Amino acid sequence: MIFGVLSCDTVLVGQFMYSRPLIAGPIAGLCLGNPYVGFIAGLCVELIWVRVIPIGDSVPPDSTLTAVLASAAAATAARNLGIDNISAVIPALAVSVPCGILYKMAEIRLRASNAGIVDAVRVKIIRGDFVSVDREIFYAVIRKFFISAAFFLAAYALVTALPEGYWRVMDITRGSEIVMRFIYILCFAQLFEMFLKWK
Amino acid sequence: MEVEKILISKGVLKKVFFRSFLLQALWNFKGMQNAGFLYTIKPALDFLYPVPNERKNAYTRHLDFFNTHPYYASYIIGAVCAAEERYAATDSDDELARIVGIKKILGGPIAAFGESQIWGTLRPFAAVIGVFFIILFSKNIALMWIGPAAAFIFYSSVHLYLRYCGLEDGYKLEDQVFEGLFTGKLQKSFVYMRITAIVMAVFLLVRGFLGAGPSVMLKTAYPVVFIIVALFIKKVPATVLFYAVLIAGGLFARFCY
């Protein structure tokens with residue numbers, strides 16, 4: 001339900017920013033009793049894709065879904081398997097990123113289907129139905145809410161069903177803190193690139 | 001003879017303001033923000049065109065292609081409201097062409113401007129504020145919430161200011177509002193945001209480097225990784241780079257540390 005609300009903020013309703021990974025991640029973590037993993041996952045997703053911006057008709061990967069899924073999955077793994085927070089966040093991020101890209105494809109389909117709805121609204125207006133646009137805008141929000149909530153639930157079920165060995169992958173490296181520092185370096189490099197190069 | 005204008009009431013403009021938050025609700029690849037624009041401006045059109053046939057024409061002309069930055073769109077919405085007001089009073093073809101012109105001519109430049117200033121500066125700057133506090137208070141979870149809260153408050157205050165003042169200024173000044181938009185104080189503040197963000201990011205990076213512990217291996221690895229990432233950052237997509245760093249970090253931790 002919370003992801004449904006957050007997802008509507010990304011494009012459809014307001015774009016107030018509470019759907020940004022930096023905010024959505026900790027909220028998801030808090031809901032599952034571990035906001036710390038939400039802070040880390042949110043921070044990483046926010047900065048990894050900081051240069052990916054929606055220009056014109058381009059649809060970027062869904063950073064909200066990625067952050068929320070990574071936070072929820074990491075919180076679940078940390079609680080159920082007794083893994084430390086950082087070691088849980090890294091594999092959660094690795095598996096959530098493709099889900100964010102997959103959700104982008106669902107978003108593209110949803111936006112493509114909107115064209116037909118707008119054409120139907122035009123016909124209805126010509127026939128004298130002046131409230132059709134209000135109705136369709138309302139349905140669009142409801143549709144987005146349920147589709148994103150369903151997608152999140154399916155993705156969460158799949159990710160949390162991954163074998164325990166996957167979640168313990170950081171035991172092999174024996175240095176989850178170091179891996180996380182490497183990710184932070186990437187995050188800051190993206191940030192510098194954004195502010196120094198973007199005009 | 002001066003034609004008497006039907007003035008859109010403040011209540012109607014308030015409705016337009018609240019509806020502008022749903023500008024992108026029916027975003028589509030064909031008309032982009034067309035349905036959202038009609039939905040936003042609908043209270044003004046209903047007020048100006050009580051006759052069904054006129055209302056029908058007004059609705060359908062706003063279902064034509066339209067796309068711009070969602071926040072700066074308020075300037076265009078305000079200007080179009082004023083232009084519609086005049087067209088409703090005069091029924092002149094010039095005024096009709098003006099309505100279409102404002103949307104067609106200004107949509108593109110405003111979109112480019114908004115993408116650079118909002119998506120390219122304000123949003124990452126708000127993220128830097130959030131990241132700054134999260135990392136600074138990383139030992140205390142309760143204080144870490146200052147990060148997202150500060151980012152949200154800062155971003156939303158600029159966002160809501162643009163939406164509200166954009167509509168008001170657009171309505172009052174019409175297409176003249178765009179003359180000062182690209183060069184005014186707002187433009188300067190975005191430059192300061194970029195400088196502040198770079199300073200904050202450098203501070204966090206240096207802090208992270210100093211906190212790397214006594215290991216010489218780690219202290220050497222961080223700048224090396226940063227330079228390598230910086231070299232590939234433009235050529236390699238962000239997602240691919242993320243997995244490359246993940247694997248490199250794992251291998252380094254396993255074999256070199």
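Analyst: Directly after helix H4 of chain A comes Gly82(A), with a positive phi of about 70 degrees. Helices here (H or I, at least four residues) and strands (E, at least two) are DSSP runs, numbered from the N terminus. The model is a predicted one, in which local features need pLDDT of at least 70, side-chain atom pairs count only at pLDDT 80 or more, and totals for chains, interfaces and linings use all residues. Residues are numbered from 1 along each chain as its sequence is written, while chains are lettered from A and ligands numbered from 1 in the order in which they are written.

User: What makes H4(A) largely enclosed by the rest of the structure?

Analyst: A residue is buried if 20 or more other C-beta atoms, placed from the backbone, lie within 10 Å of its own, exposed if 12 or fewer, and partly exposed in between. In H4(A), 16 of the 19 residues are buried, and therefore the helix is described as largely enclosed. For chain A as a whole, 54% of the 199 residues count as buried.

User: What is the bend in H5(A), and where is it placed?

Analyst: The bend at a residue is the angle between axes fitted to the seven residues ending there and the seven starting there. For H5(A) this angle is about 25 degrees at Leu93(A). After H5(A) comes Gly128(A), with a positive phi near 105 degrees.

User: Why is Pro21(A) called buried?

Analyst: Pro21(A) has 32 C-beta neighbours inside 10 Å, so it meets the definition of a buried residue. Pro21(A) belongs to helix H2 of chain A. Two residues are in contact if their C-beta atoms, placed from the backbone, lie within 7 Å. Beyond its neighbours within four places in sequence, Pro21(A) has contacts that include Gly42(A), Val45(A) and Ser63(A).

User: Are Met32(B) and Asp91(B) buried or exposed?

Analyst: Met32(B) counts as buried because 24 C-beta neighbours lie inside 10 Å, whereas Asp91(B), with 11, counts as exposed. Met32(B) sits in the loop between helix H1 (10-19) and helix H2 (34-48) of chain B, and its phi is near 55 degrees, a positive value in a residue other than glycine. Asp91(B) sits in the loop between helix H4 (73-90) and helix H5 (93-136) of chain B, with a positive phi near 60 degrees.

User: How many residues does each chain bring to the contact, and what classes occur on the side of chain A?

Analyst: Chain A supplies 68 residues and chain B 67 residues. H9(A) gives the largest share of the side of chain A that touches chain B, with 16 residues. Ala, Val, Leu, Ile, Met, Phe, Trp, Tyr, Cys and Pro count as nonpolar, Asp, Glu, Lys and Arg as charged, and the others, Gly among them, as polar. On this side of chain A there are 50 nonpolar, seven polar and eleven charged residues.
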